[in-house]
Amino acid sequence: MGACCSRDLDTDENVVADVAEEKKQEVVHEEDDFFIADFGARVRLHGASKYLSMYSQQGRKGINQDAMTVWEEFTGDKDTFFCGVFDGHGPYGHKVARYVRDNLPSKLSTAIKLPESNSFNYSEVGIDKDYSKEAGEDDSKEHIPSLSSWQAGFLRSFKEMDQELSLDASIDSFCSGSTAVTVVKQGNNLVIANLGDSRAILCTRDSRNQLIPVQLTVDMKPNLASEEERIRRCHGRVFALNEEPEVFRIWMPDEDCPGLAMARAFGDFCLKEYGLISVPEVSYRRITNRDEFVVMATDGIWDVLTNNDVIKIVASAKHRSMAAKMLVKHAVHAWRNRRPGSKVDDCAVVCLFLKNRTVLPRSLSEVSRVSANHTEFAENYSEVSRASVNCSEIATVPQKHNKSAVVMIPGGVAEESSSLEERNRVNSSMKFSRFSNDLSRRTSVKNFQ
């Protein structure tokens, strides 16, 4: 393996050049690369269209467990899009992610079309009926006449999705699961539903007309105060291992398994009685003329690039159809350049552009100058959570568990470390498999009530 060549060849200029060359060689007409689904929606699993750019790349950890989809003319409405990115984890995480990708949008569109969606019982999922909103955002619901229907539809479809997954014998989701970050654009409105630690951000302009990122979702980590409280109330445990002190995980009450690094997910039924939930955080944002595009991506992107890095890369793409691929290539370069000893994670990106025109039309040389040699990215790298770099979503503690080697939650969100040395990871696959098989014999998957 020619590690000595990576720094010479993997420059930003070559990233841009490689993407441009691949663009020239493409023979597939991406505008035609879709199929028709419920209510006439056009479904894409990859590629690009007028307002979209999608791309996924397998990492170095095994099969690609990321999945994504976009439904244009969602629910049969011309100016409505459904976008979703899903990050699987566990032995069968790839199957869970694809299962959710293929079924969740259909459930949501059906829920929206059903009149009884408006009478959804919010108390069933234990949340307030009101949306969580951006600070300072107009809290009136008159922007979208069917705003309550969207919220009810998301809650209903996520609940049904998890229930269906628990009953499907073809997928072992007892110790495997998936995140989901989804965005519906209806006219000038965005409705966002988030489950897990994938992320959605908005690129907008400030008062000086400079591009700035706005994070639309919160990474649902177990050490968030509200998440920690729920997990502990359900007798689950939350702590970080000594070898990765910033990565907080959920553990079963009496066993040091499975060590899930997120507080909400589809599947993972071994933890559903102990605080893990599949209820999404639903929020709303009104699109203004300052807003440019939305980026949804799995943590393979966010672990090595900041929100600001991401909008700069996407905005600098000469062809918006190649924006997602360019972002993934930059992320892969960042993994190799900054963490040469770690395995590159899977990456999946969906870019949804909100305007007809391109954001910043630039030549390839100008694109290269945006982040030449990643110097600006390196300066901002302290903003990225290094805790999750080179770590798995699921882990187990060493067999001889030393309580003094466990970092307990201090309350609230853990502070990011300014530096985290590369550490040898615990190889948990064999122990996890034995744990899964043992629990499967003792416990049947229960319906998620």
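This is a predicted model: local features need pLDDT of at least 70, side-chain atom pairs count only at pLDDT 80 or more; totals for chains, interfaces and linings use all residues.
Residues are numbered from 1 along each chain as its sequence is written, and side-chain values use heavy atoms, with hydrogens and water left out.

**The chain overall**

- The protein chain has 11 helices and 20 strands; these are DSSP runs numbered from the N terminus, with helices (H or I) of at least four residues and strands (E) of at least two.
- Of its 449 residues, 56% count as buried. Buried means under 20% relative accessible area, exposed means over 50%, and partly exposed is in between (1.4 Å probe, protein chains only).
- Among the contacts with a separation of 6 or more, 74% are made by residues 24 or more positions apart. A contact here means heavy atoms within 4.5 Å.
- The accessible surface comes to about 19,400 Å², and carbon and sulfur atoms hold 48% of it. The areas come from the Shrake-Rupley method with a 1.4 Å probe, and for residues only the protein chains shown count as cover.

**The six-stranded sheet**

- Six strands line up as an open antiparallel sheet in the order S3-S4-S19-S18-S11-S12. Two strands pair if DSSP finds at least two bridges between them.
- Strand S3 (47–48) and S12 are the edges: each has a single partner strand, so one side of each is left without a neighbour in the sheet.
- S4 (residues 52–57) and S19 run antiparallel and are joined by six bridges, with leucine 52 standing opposite leucine 352 in S19.
- Helix H7 (residues 307–315) packs on the sheet and touches S11, S12, S18 and S19, and its direction makes about 125 degrees with that of S12.
- Helix H8 (residues 323–338) also packs on the sheet, touching S4, S18 and S19, and its direction makes about 35 degrees with that of S4.
- Both angles use axes that are lines fitted to C-alpha atoms, for helices over the stretch in contact, and run from 0 to 180 degrees between N-to-C directions.

**A look at S18**

- S18 is mostly covered, with five of its five residues buried.
- Phe293, Val295 and Ala297 point one way from the strand while Val294 and Met296 point the other way, and all are buried.
- Five bridges join S18 to S11, running antiparallel; alanine 200 stands opposite methionine 296 in S18.
- Five bridges also join S18 to S19 (residues 347–353), again antiparallel, and phenylalanine 293 has phenylalanine 353 of S19 as its bridge partner.

**Nonpolar cores**

- The largest nonpolar core has 50 residues, of which Leu108, Phe154, Phe158 and Phe266 touch the most other members. A nonpolar core is a set of buried Ala, Val, Leu, Ile, Met, Phe, Trp, Tyr and Cys residues joined through side-chain atoms within 4.5 Å.
- Leaving aside neighbours within four places in sequence, phenylalanine 154 is in contact with Phe82, Leu108, Thr182, Val184, Val191, Ala193, Pro280 and Val282.

**Leucine 190**

- You'll find leucine 190 in strand S10, and at 0% relative accessibility it counts as buried.
- Beyond neighbours within four places in sequence, the contacts of leucine 190 include Val183, Tyr284, Ile287 and Val294.

**Salt bridges**

- There are 20 salt bridges in the count, each with a side-chain nitrogen of Lys or Arg within 4 Å of a carboxyl oxygen of Asp or Glu.
- Aspartate 197 and lysine 221 meet at 2.8 Å, N to O. Aspartate 197 sits in the loop between S10 (189–195) and S11 (199–205), and lysine 221 in the loop between S12 (211–215) and helix H5 (225–233), so the pair ties together parts 24 residues apart in sequence.
- Aspartate 197 is buried, at 4% relative accessible area, whereas lysine 221 is partly exposed, at 24%.
- Glutamate 292 and arginine 205 also meet at 2.8 Å, N to O. Glutamate 292 is in the loop between S17 (281–286) and S18 (293–297) and arginine 205 is in S11, so this pair ties together parts 87 residues apart in sequence. Both residues are buried.
- Arg42, Arg44, Glu72 and Glu73 are linked in a network of salt bridges.
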